[in-house]
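Please read the following report alongside the sequence and the three-dimensional structure shown here.

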Amino acid sequence: MLCPICQHTNSRVLESRSAESGKSIRRRRECMNCQHRFTTYERIEFVTVTVIKRDGKKESFDKSKLLRGIIRSCEKTGIEASQLEAFVNEIEVELQGRSQREITSAEIGEIVLSKLSAISEVAYIRFASVYRKFQGIRDFVDTLNHLQNQKDNLEFARTLPKSSDISLQQDAPDHETPASCTT
């Protein structure tokens with residue numbers, strides 16, 4: 001680490017502590033050459049995710065822009081702001097975890113919709129209407145039918161017995177006759 005006074009590269013760490021709610025480490029250092037003390041911060045460097053818009057333009061992923069859109073779709077649904085922030089953080093982590101550094105806005109929209117369907121059906125429809133650019137009532141009806149089918153499939157899957165609940169039984173005869181009985 002370069003000393004801000006003498007530009008010497010050798011320093012020692014006097015103290016380290018967590019900062020910014022655990023998102024960085026604050027280190028107090030002392031230059032081995034001039035004994036000047038200074039502070040450095042160590043943070044995780046996130047590789048920027050590039051979003052490819054519908055028109056082909058590229059821009060950096062903007063978490064606040066996504067949050068604004070989701071907040072609009074969740075207005076008056078009773079979902080708390082902290083839950084929405086956690087929702088957007090979860091999406092950002094998912095995007096950061098991908099090996100691809102470029103993602104289409106359509107892929108992001110589908111990720112949001114898949115997660116919104118579990119939180120609020122109303123928010124799902126609102127978000128889908130803007131994201132998918134609904135043109136009329138038919139688009140709403142189709143999306144509602146799709147959402148209902150998803151819900152029905154989940155309910156059906158819950159009613160199916162688990163593979164551990166199924167026991168393989170051999171067909172038993174209706175009645176047994178002892179081998180020692182003769183007529």
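The report covers the basis of the model, then the sheet, the helices, the aromatic pair and the backbone.

## Basis of the model

This is a predicted model, in which local features need pLDDT of at least 70 and side-chain atom pairs count only at pLDDT 80 or more, while totals for chains, interfaces and linings use all residues. Residues are numbered from 1 along each chain as its sequence is written, and side-chain values use heavy atoms, with hydrogens and water left out.

## The antiparallel sheet

An open sheet is formed by 3 strands in the order β1-β2-β3, with antiparallel pairing; strands are DSSP runs of E with at least two residues, helices are runs of H or I with at least four, and both are numbered from the N terminus, while two strands pair if DSSP finds at least two bridges between them. The edges are taken by β1 (11-19) and β3 (37-43), each of which has a single partner strand, so one side of each is left without a neighbour in the sheet. From one strand to the next the twist averages 25°, where axes are lines fitted to C-alpha atoms (for helices over the stretch in contact) and angles run from 0 to 180 degrees between N-to-C directions.

Between β1 and β2 (residues 24-31) there are 8 bridges, and β2 is joined to β3 by 7 bridges. Arg12 has Glu30 in β2 as its bridge partner, and Glu30 also stands opposite Arg37 in β3. Ser18, in turn, has Ile25 in β2 as its bridge partner.

## Helices α1 and α2

The axes of α1 (residues 63-73) and α2 (residues 81-96) come within 10 Å and cross at roughly 135°. The two helices are therefore oblique to each other, since angles under 35 degrees count as roughly parallel, over 145 as roughly antiparallel, 65 to 115 as roughly perpendicular and the rest as oblique. Contact means heavy atoms within 4.5 Å, and the α1 residues that meet α2 are Lys63, Leu66, Leu67, Ile70 and Ile71, with partners that include Leu84, Phe87, Val88 and Ile91.

Ser73, which lies in α1, is buried at a relative accessible area of 4%; buried means under 20% relative accessible area, exposed over 50% and partly exposed in between, with a 1.4 Å probe and protein chains only. Leaving aside neighbours within four places in sequence, Ser73 is in contact with Leu116, Ala123, Arg126 and Phe127.

## The aromatic pair

The structure holds 1 aromatic pair. The ring centres of Phe134 and Phe140 are 4.8 Å apart and the ring planes stand at 85°, so the pair is edge-to-face; rings of Phe, Tyr and Trp (its six-membered ring) pair if their centres lie within 6.5 Å, and planes under 30 degrees apart count as stacked, over 60 as edge-to-face and the rest as tilted. Phe134 is buried, with a relative accessible area of 16%, whereas Phe140 is partly exposed, with a value of 31%.

## Positive phi values

Most residues other than glycine have a negative phi. In the hairpin of β1 and β2, with 4 residues between the strands, Glu20 takes a positive phi near 55°. The hairpin of β2 and β3 has 5 residues between its strands, and Gln35 in that turn has a positive phi of about 65°; Gln35 counts as partly exposed at 46% relative accessibility.

Lys76, found in the loop between α1 and α2, has a positive phi of about 60° although it is not a glycine. Lys76 is exposed, with a relative accessible area of 87%.
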